[in-house]
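The model comes first, then the details.

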Amino acid sequence: MHGAMGDSAGLQFVSSYAFEAMQKVDVVRLAALSDPELRLLLPCLVRMALCAPADQSESWAQDKKLILRLLSGVEAVNSIVALLSVDFHALEQDARKEQQLRHKAGGSNAESILVSQLQHGLTLEFEHSDPLRRLRLTLSELLAIMNKVQSKLPL
């Protein structure tokens with residue numbers, strides 16, 4: 001009885017059954033998982049389905065089709081795909097530049113490398129943005145908070 005939990009909020013970890021199914025890439029077992037269990041594995045499954053595989057065998061091609069079919073009914077998959085397509089290396093470089101800029105400016109929010117001027121309030125801007133801009137907004141806010149916390153710490 002691996003998928004007995006009906007409340008997805010209560011499911012915080014991957015069951016041993018689901019872990020073993022992922023480890024062995026047992027698509028039949030993966031297809032049998034409950035929605036809450038499957039949800040915990042979505043980023044891995046999306047990556048497996050979209051990245052060019054090292055395994056070029058026919059059996060993997062068939063497994064991949066089954067994984068794609070499994071993912072096709074899950075709404076959150078599109079968001080995960082969009083996030084996985086972000087250029088994290090460029091994002092990290094901009095975040096480091098912004099961190100240095102904020103450090104030099106004494107933590108003021110005058111300039112931001114991550115985020116150009118906001119058209120609307122932060123919340124509205126976040127809601128209407130693409131995944132990359134959302135990450136940039138979040139990082140910018142995190143860096144601002146970190147800077148405030150560090151400036152208040154005694155040396």
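Asp-94 is found in helix H6. This is a predicted model. Is Asp-94 buried or exposed? Its relative accessibility is 16%, so Asp-94 counts as buried, the cut-off being under 20%.

Which residues does Asp-94 touch, once neighbours within four places in sequence are left aside? The contacts are Ile-113, Leu-114 and Arg-136.

## The link from H6 to H8

Asp-94 pairs with Arg-136, and the closest N and O atoms lie 2.8 Å apart. The pair links distant parts of the chain. Asp-94 sits in H6, residues 88–104, while Arg-136 sits in helix H8, residues 131–152. The two partners are 42 residues apart.

Asp-94 has a relative accessibility of 16%, and Arg-136 has a relative accessible area of 16%.

## Helix H8

H8 contains 22 residues. From its first C-alpha to its last it reaches 32 Å, close to the 32 Å expected at 1.5 Å a residue.

Which residues of H8 are buried? They are Arg-133, Arg-136, Leu-137, Ser-140, Leu-143, Ala-144 and Asn-147. These residues cover an arc of only 130° around the axis, so they lie on the same side of H8. An α-helix has 3.6 residues a turn, so residues three or four places apart point the same way.

What do the buried residues of H8 pack against? Their partners are H6 and helix H7, which spans 122–127.

## Salt bridges elsewhere

How many salt bridges does the structure hold? The count is six. Among them is the pair Lys-24 and Glu-20, whose side chains meet at 3.0 Å, N to O.

Here the setting is more open. Lys-24 is exposed, with a relative accessible area of 53%. Glu-20 counts as partly exposed, at 30% relative accessibility.

This pair belongs to a network of salt bridges. Glu-20, Lys-24 and Arg-29 are linked in it.

Note on methods:
Residues are numbered from 1 along each chain as its sequence is written. This is a predicted model: local features need pLDDT of at least 70, side-chain atom pairs count only at pLDDT 80 or more; totals for chains, interfaces and linings use all residues. Side-chain values use heavy atoms; hydrogens and water are left out. A salt bridge is a side-chain nitrogen of Lys or Arg within 4 Å of a carboxyl oxygen of Asp or Glu. Buried means under 20% relative accessible area, exposed over 50%, partly exposed in between (1.4 Å probe, protein chains only). Helices (H or I, at least four residues) and strands (E, at least two) are DSSP runs, numbered from the N terminus. The expected span of a helix is 1.5 Å times one less than its number of residues. The arc is that of the directions from the helix axis to the C-beta atoms. Contact means heavy atoms within 4.5 Å.
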